[in-house]
Amino acid sequence: MIKRATVSDVAALAKVSSATVSNVLGNRPGKVSAKTRQRVLDAITALNYTYNENAATLRSNRSNIVGLVIHDLSNPYYTELIAKINRKLTDHGFATILACSDENLDSQQSYLQLMQRHNALAILLCPTWDTTSEHLQAWNALSPTITFLRPVASADIDFIGINNYQAAYDITRRLISDGHKHLGFIGGSLESRLRRQRIQGWKDAHDDAGLHYAEEHILDCASSMSAGAKATAKILDIAPQITALVCYQDVVAFGAINAIHYMGRKPGRDIAVTGFDGLADAEGYLPSLTTAEVQIDVLTEHIVARLLSRLNDRDQSSMATLLHAHIHWRNSTRAH
């Protein structure tokens, strides 16, 4: 019978202490240098050592599990973001439990309880709109909880997000400077704080340019191409003088472009269209879509870095980080 390798065997081959091997296996930040960590990992591979994670969790009351809860997986932006966060966590030795709340607070709470039962080391959460600061404080007391993309009012908790107001302001101001005098805003749910931030940027750009805007030029709709197409047809029926549409998301903007084509008009020439997310398909669309790119790689780096920092020091003050969106100006907004 072949004898299974032990921590002591790994330590002997790597020429380190058993405690160092345990630190590597437990992925304890700051305990082991990168060079030593790699030597231990090489020894683990050479000996085909299998880490008994359940036993280690029972001994230390810690795990390497990070819970990742998001409100929506139908939007391609979120699926790409989740994939990159998961890969980054894997690179750091974490295992991920993924759950989708489908914008339901009860489901979100159930998933968080499930992750707590699995002794999750930390939680990464893109919360439902009805999540309160009290909900977050309760979860943060159990496991370090970091929220991203969706802010929760008055929550004293780590948050990584986007400066939605500034991006919407910059897009709208540029459209106005290109000669557009009548602009619409479509997309997003009425409960969305991000939508309110973007609309405020849209409104303030009008005010600063001395232009009047009408509330009926703002329409909510679901996050889909079909909903974006219907909203576009509706808003252009209400206000046929509109020559530019600022869309809450790229998928809504894709629907807007399709609707404008269907009406026999030219997106970009007759009616400018902009999106928000920076989906990979935006550049290849016809016409290519102007969009505020919420750079996923940058967002992922900040989320994981904040997680590692929080795990290293539970008592540090919470931080809110707002990242700037990069606007790609393309053919859907050729000068009016």
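The sulfur of Cys-247 lies 7.9 Å from the closest cysteine sulfur, that of Cys-221, which is too far for a bond. Cys-247 is also buried, at a relative accessible area of 1%, where buried means under 20% relative accessible area with a 1.4 Å probe and protein chains only. The model is a predicted one, in which local features need pLDDT of at least 70 and side-chain atom pairs count only at pLDDT 80 or more, while totals for chains, interfaces and linings use all residues. Residues are numbered from 1 along each chain as its sequence is written, and side-chain values use heavy atoms, with hydrogens and water left out.

The structure holds 0 disulfides, a disulfide being a pair of cysteine sulfur atoms within 2.5 Å. Cys-126 is in none, since the nearest cysteine sulfur, in Cys-100, is 9.9 Å away, and Cys-126 is itself buried, with a relative accessible area of 0%.

Turning to the helices (DSSP runs of H or I, at least four residues, numbered from the N terminus), H6 (residues 105-117) and H7 (residues 133-142) have axes, lines fitted to C-alpha atoms over the stretch in contact, that come within 11 Å and cross at roughly 10°. H6 and H7 are therefore roughly parallel to each other, a description that applies to angles under 35 degrees. Their contact (heavy atoms within 4.5 Å) involves Leu-105, Gln-109, Leu-112, Gln-113 and Gln-116 of H6, together with His-135, Trp-139 and Leu-142 of H7.

Among the strands (DSSP runs of E, at least two residues), E5 (residues 158-162) and E11 run parallel and are joined by 4 bridges, with Phe-159 standing opposite Ala-320 in E11.

Note on methods
Buried < 20%, exposed > 50% of the residue type's maximum accessible area, 1.4 Å probe, protein only. Pairing = 2+ DSSP bridges. Axes fitted to C-alpha atoms, helices over the stretch in contact; angles between N-to-C directions. Parallel < 35°, antiparallel > 145°, perpendicular 65-115°, else oblique.
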